[in-house]
Amino acid sequence: MKYLIQTVETYRVDSESEAEQLIQEAKKDTKFDLLKSSTEKKDVKAKGEIIDTYYKVQLNKGFNEIKEPETDVRINYEVN
């Protein structure tokens, strides 16, 4: 038997408020424990000038304890 213990998901959003909203939604979700989250502002530069800015958001989601897993978790990713 295999058990999913945790995942790290990385998202790109356009603004700091979108990043905060994504983290708040993850905190409220009862399907997993939010173990850690981080936000990092990224600038895209061309010829020394900033031409775009985005935010990188990482969410570490916990599903089972490594020593005593209890649930069978199945993740389904859809690409649109």
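What is the accessible surface of the protein chain, and what percentage belongs to carbon and sulfur atoms? In this predicted model, the accessible surface comes to about 6,700 Å² (Shrake-Rupley method, 1.4 Å probe), of which 44% belongs to carbon and sulfur atoms. Local features need pLDDT of at least 70 and side-chain atom pairs count only at pLDDT 80 or more, whereas totals for chains, interfaces and linings use all residues. Residues are numbered from 1 along each chain as its sequence is written, and side-chain values use heavy atoms, with hydrogens and water left out.

Along the principal axes, the C-alpha atoms fill a box of roughly 55 × 25 × 20 Å.

Buried residues (under 20% relative accessible area, 1.4 Å probe, protein chains only) make up 21% of the 80 residues. The largest nonpolar core comprises 10 residues, among them Val13, Phe32 and Phe63; such a core is a set of buried Ala, Val, Leu, Ile, Met, Phe, Trp, Tyr and Cys residues joined through side-chain atoms within 4.5 Å. At least two core residues come from each of α1 (16–28) and β3 (49–62), and α1 gives the most, with four.

Beyond four places in sequence, Phe63 is in contact (heavy atoms within 4.5 Å) with residues including Leu4, Phe32 and Ile75.

Technical notes:
Buried means under 20% relative accessible area, exposed over 50%, partly exposed in between (1.4 Å probe, protein chains only).
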